[in-house]
2 protein chains.
Amino acid sequence: MIEVFGDECSGNCLKVKWILEYLHRPFRWTQVDILRGETRTPEFLALNPASQVPVVVLEDGRRLAQSNAIVLYFCEGTPLVPSDPFDRARMLEWMFWEQYSHEPYLAVRRFQRLYLDRADAEIDPRLMERGTAALARMEAHLTDQRWLVGETLSAADVSLLPYTMLAPEGGFSLAEYPGVCSWIARASTALGIDAKPDGDGNGASDATS
Amino acid sequence: MIEVFGDECSGNCLKVKWILEYLHRPFRWTQVDILRGETRTPEFLALNPASQVPVVVLEDGRRLAQSNAIVLYFCEGTPLVPSDPFDRARMLEWMFWEQYSHEPYLAVRRFQRLYLDRADAEIDPRLMERGTAALARMEAHLTDQRWLVGETLSAADVSLLPYTMLAPEGGFSLAEYPGVCSWIARASTALGIDAKPDGDGNGASDATS
C-alpha cells in the first residue's frame, strides 16, 4: 500500500491526502510532526534528504517528495491533467507559481501566527504584502474563470486550494476576493472536502514543500 | 516567431534562452530590465500579472510564464522529459525543489550581493545557510550520479544549472562540491553553453521565477 509521511497541519501534505482520497487510492498515513523536529531526524533524512514532508513511498519502495510533483504523479492520465500541451503548461505555470509566489507568503505567515504564536507586529510585513498580491492575482483570474486552467478541476486547483483556503488563519481576509471564495467552494466540493476548516489544526512551515 | 521577454542577468531567464537554443527553436529576445522596474510597468503587467520574467509569447499570441513551466513546455516530447512516469515525477520533484529550496537562497543572495551591492554582513545569514544546504543536497546525489534523473540530461538539469553555476557570484564556494562541479561541466557541455561565466553579467531577483 502507498505510504504517506506527512503532517496534517501542512497544506502541502493535505494536497497529497486529498488527491489520494479523491482518486480512491488506498494509503497509510504516518504522521511526522514538524514542530517536534521529526523531519530532521537521521531516519527521516534517509527518507528525504531535503528534510521536508510530504514524502510518498510507493508499493515498490520508491520514494517521491515535493507535494506538487506527487500530485502530478497520481493525476497523470486522469482528467486532472489536461491533454492539450498548452493547457498542461499553464497548469504547471500555476503550480510553480504556487511554490514560488504564494506558499512562501500565505503558508509561512500562517505558520508563524498559528504555530509560533507570533503577534502580527512581529511578523515580517512582506509576508502580508506579498501574500495579498498573490490573492489579488488569483482574484483577477477567477473573476471570470471558474477554474485555474480550462473548464474543469485540474491539478493546479488541487495545488492552490489548501493555502488559499487556510489564508484566514494567517491573518489574510478573503472577504475582498469573491472570485477566490467562489472558487474555494467549487474546488472543495469537486474534491469532496470541507471548505471550512475549524481552525484547530492545519499548519505549514518551510519544512514542507 | 517565439518572443521571449527576459533579463539576461536572471538565471531563470537563462533557462529559457538555453533550452530554445539547444532545441534550435528560433526566438526573438526582448530585454526587460528588472533593476529599472520594467517588470512593474502597466504594459508588462498586461503581459504577466505576476510581474515576473521570463515570459514567452508563442507564435499564436498565447503567453506562458514561470521558467520551469516554459522549459517543460518546450522539452515535452523530446528526450529531455523521461517517458517513464516515475522518472518524470522525479524530474518534477527536482524542479519544484529548485524553485522552493534552491533559487530563493542561491539566486537571492547573488542578487543582493551583485546587483544591490550589499556587503556579506548585511545579507540575511539564512541565505548562506540554506543555499549551502541546497548545494550539499545536490552533492550527495551527484557524488555517484551523472545526472539529476536517469542516465541522461533532462529538464531537471536545465532547471538547476544556472543558479548552481552562478553560485560563486553569490559568495558560495563550489570547491567542496566536486560532484556538483563535474555535473556543471557535463550539463554545460551537453547544452552547449559556457560553464565559466565571466562575472560581468547575470542576475536574479524575486521579479523572476
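Modeller: A residue is called buried if 20 or more other C-beta atoms lie within 10 Å of its own, exposed if 12 or fewer, and partly exposed in between, with C-beta atoms placed from the backbone. This is a predicted model, in which local features need pLDDT of at least 70 and side-chain atom pairs count only at pLDDT 80 or more, while totals for chains, interfaces and linings use all residues. Residues are numbered from 1 along each chain as its sequence is written, and chains are lettered from A and ligands numbered from 1 in the order in which they are written.

Colleague: Which residues of α3(A) are buried, then?

Modeller: A:S67, A:N68, A:A69, A:I70, A:V71, A:L72, A:Y73 and A:F74. That is eight of the nine residues of the helix (67–75), so α3(A) is largely enclosed by the rest of the structure. Helices here are DSSP runs of H or I with at least four residues, strands are runs of E with at least two, and both are numbered from the N terminus.

Colleague: What do those buried residues pack against?

Modeller: In chain A, α1 (11–22), β3 (55–57), β4 (63–65), α4 (85–114) and α6 (155–165), together with α4 (85–114) of chain B.

Colleague: And what follows α3(A)?

Modeller: A:G77, with a positive phi near 85°.

Colleague: Interface next. How many residues are in contact between the chains?

Modeller: 25 residues of chain A are in contact with 24 of chain B, contact being C-beta atoms, placed from the backbone, within 7 Å. On the chain A side, β4, α3, α4 and α5 (125–142) each supply at least two residues. The largest share, 11 residues, comes from α4(A).

Colleague: How do the residues on that side divide?

Modeller: Into 15 nonpolar, five polar and five charged. Nonpolar covers Ala, Val, Leu, Ile, Met, Phe, Trp, Tyr, Cys and Pro, charged covers Asp, Glu, Lys and Arg, and the others, Gly among them, are polar.

Colleague: Sheet in chain B: what is the strand order?

Modeller: β2-β1-β3-β4, an open sheet of four strands with mixed pairing. β2 (27–31) and β4 (63–65) of chain B stand at the edges with a single partner strand each, so one side of each has no neighbour in the sheet. Strands pair if DSSP finds at least two bridges between them.

Colleague: How many bridges join β1(B) to β2(B)?

Modeller: Five, and the two strands run parallel. The bridge partner of B:G6 in β2(B) is B:Q31.

Methods:
Contact = placed C-beta atoms within 7 Å.
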